[in-house]
Amino acid sequence: MKGCFVTATDTEAGKTLVSAGLSCLLEALVLKPVQTGCVQTAEGLRAPDVEAVEGLGGRARALHCYLPPCSPHLACELARERLSVAGLATELRAAAQGETCVLVEGAGGLHVPVNEQESMLDLMQELGLPVLLVVANRLGCLNQALLSIEAVQARGLEVAGLVLNRVVEPECCDPGCGSTASPEDEARILADNVTSLQRLAARRHVPLLADIPYLGQKACAAREELMERLAPAARRVQELLSEPDRRAGESLLDFDRNHLWHPYTSATNPLPVYEVTSTRANRLCLADGRELVDGMSSWWCAVHGYGNERLIAAMTRQAQRMSHVMFGGITHRPAVDLGRRLLEIVPQGLDWLFYADSGSVSVEVSLKMAVQYQQARGRAKRQHFLTPMGGYHGDTQGAMSVCDPVNGMHVLFTGLLPRHYFVERPTCRFDKPFDPQSLEAAKTFLQNKADEIAAVILEPIVQGAGGMWFYHPDYLKGLRELCDAYDILLICDEIATGFGRTGRLFACEWAGITPDIMCLGKALCGGMMTGAVTLATRRVAQGIGQAPTELGGGLLMHGPTFMANPLFCATALASVDELLASPWQERVASLQTWLHEGLAPNAGQPGVRDVRVLGAIGVVETEKPVNMGLLQQFFVDQGVWIRPFDHLVYVMPPFTSPKEDVDRLCGAISSAVRKGLVL
Ligand code: PMP
């Protein structure tokens, strides 16, 4: 849909007059999603705003008409109906089909309710059109206009401009405004509103497009003047309509294809990408208007879905106050508050935090911590790590060196990566009785080489990107015991599993253990931005701290520029609070049931090697590596976002996903299996 949303600072501000004028100038259709205050006639309800637009020579349509002159939510309630923002948006898009420009005219101001939960502002956000704000020029309008601009901009929408409309007769003071000003004072106030608003709105990058004189009932007679005054507003709308073509010749997708690398892709032969323009709840909205049910939570992160108000408010508040400040020699409340909250919920014994700027960096820090700890204790030889095959810990060099050496990138970087030690992947399934034999390899290794090992590092319970494999908690418990026996540290990389994904707040809880060092990231910030944390026990922190001068004097040697970024800390705290306040255990348990029901029928089908579900993770492992491009296209055509790779077609939806959407995700996977797309 192309055009503009016309809203106002208040009711009776003159939206319809402005829409009518612009309709004539732009040959645009005015769409009124809800019209209250209609008049009953023999032919049905008459919508006064539609008549007003038509009276001036414009075109208009009202989608829902009600008699009482009140807010849409109340009019609907009285008519025993309910309108929703999603429903209205769909109807508006349908009504706008074939139009080159539409003007969607709201009802009243921004926060006018559409129903008991949603407002006109939500509708604006849903439509994503630029917003034209009509300001009733009267006493108090500066405040109203600036608050409205801020509210619209806070939703990520563009305020196309302001149109000031004099609603007070020049000679007489508006009795309704409560002003005791004389007519001269009144005139001065109204004139000042124009200059002041121009200046104040410009500071918010919003132009004042028109100042319409008082027309009262004479709008039709003064049509010429109205059109003249509104011409700059019409030009602005036209400018916005043509903006996407500014760089004619190279479309967004062309630029992307010619200049941008995507994760693990070729510059010369990339797979297609899909342009996402917005997100909401558990949906990704594509530029072509399609909406996809999200099955990936943006790689484990968006556990609350998208557009969570608590998270947005926390981030916005923090951005207004202090978005970043170096952490060297400085501290701040967001860092302390998040730290406090995390220490309350992580496995008992973890007591020190290092804020890193991504999951991989938090892994780098964990490795450094372990080596520094061993050095400080006089065990300089302990510079290596032991880890099971099938692990994944990130793409930076240290992290890569402990990723699975076969699936990982070791072949490419053999000369670059330090050599560490690997044992076979935990063979015992999560859902089968524990086989103590699966720990034998680690046991034997440590009997011989423990004095070279600083720490054992692994992902607890779920090996993620290395194969989406779920292993038995007793394996983790056994490794903890082995680490204790050989005085080796245990690092648990909870970056993917943390914050409820496996059905426990942290996957370590399945084994009832506390690692010496733990990495958290991804869902920590609810998918709002990057950030991670490496936690350590007091023993580790103090051990490092006691190193002699020749071994660094006990300083932990890491310090990223964006360490403890306040925006991240404040948002992460809101995300943790949101999770803890939600019925996340029930949600994850339901997701587990729905995923199991939906995916289990694929077991034993041609091309399928295994089907497994744990918490809010569902996996179909295939016999052969999948054709990623083909399958991705198929899923998009089915209206779901699932990104398969290697032998894995898997989903980990936001915890807030409703059953019907989880059914759609599973249905799309089953249909791909049935159609032989994984063969
Ligand atoms: N560890 C694990 C278990 C992960 O899944 C990931 C990310 N896929 C990382 C580390 C790396 O995190 P990031 O991508 O934020 O660097």
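Helix H8 (residues 223-242) lies across S1, S8 and S9, running at about 160° to S9; contact here means heavy atoms within 4.5 Å, and axes are lines fitted to C-alpha atoms, for helices over the stretch in contact, with angles from 0 to 180 degrees between N-to-C directions. Helices (H or I, at least four residues) and strands (E, at least two) are DSSP runs numbered from the N terminus. The model is predicted: local features need pLDDT of at least 70, side-chain atom pairs count only at pLDDT 80 or more, and totals for chains, interfaces and linings use all residues. Residues are numbered from 1 along each chain as its sequence is written, and side-chain values use heavy atoms, leaving out hydrogens and water.

The open sheet has seven strands in the order S5-S2-S6-S1-S7-S8-S9, with parallel pairing; two strands pair if DSSP finds at least two bridges between them. Its edge strands, S5 (59-65) and S9 (208-212), each pair on one side only. Four bridges join S1 (residues 3-8) to the parallel S6 (residues 102-105), and Leu 103 in S6 is the bridge partner of Cys 4.

Elsewhere, Phe 430 and Trp 510 form an edge-to-face aromatic pair, 5.1 Å centre to centre with 85° between the planes. Rings of Phe, Tyr and Trp (its six-membered ring) pair if their centres lie within 6.5 Å; planes under 30 degrees apart count as stacked, over 60 as edge-to-face and the rest as tilted. Phe 430 lies in the loop between S15 (421-423) and H15 (440-449) and Trp 510 in the loop between S19 (489-493) and S20 (517-520), so the pair ties together parts 80 residues apart in sequence.
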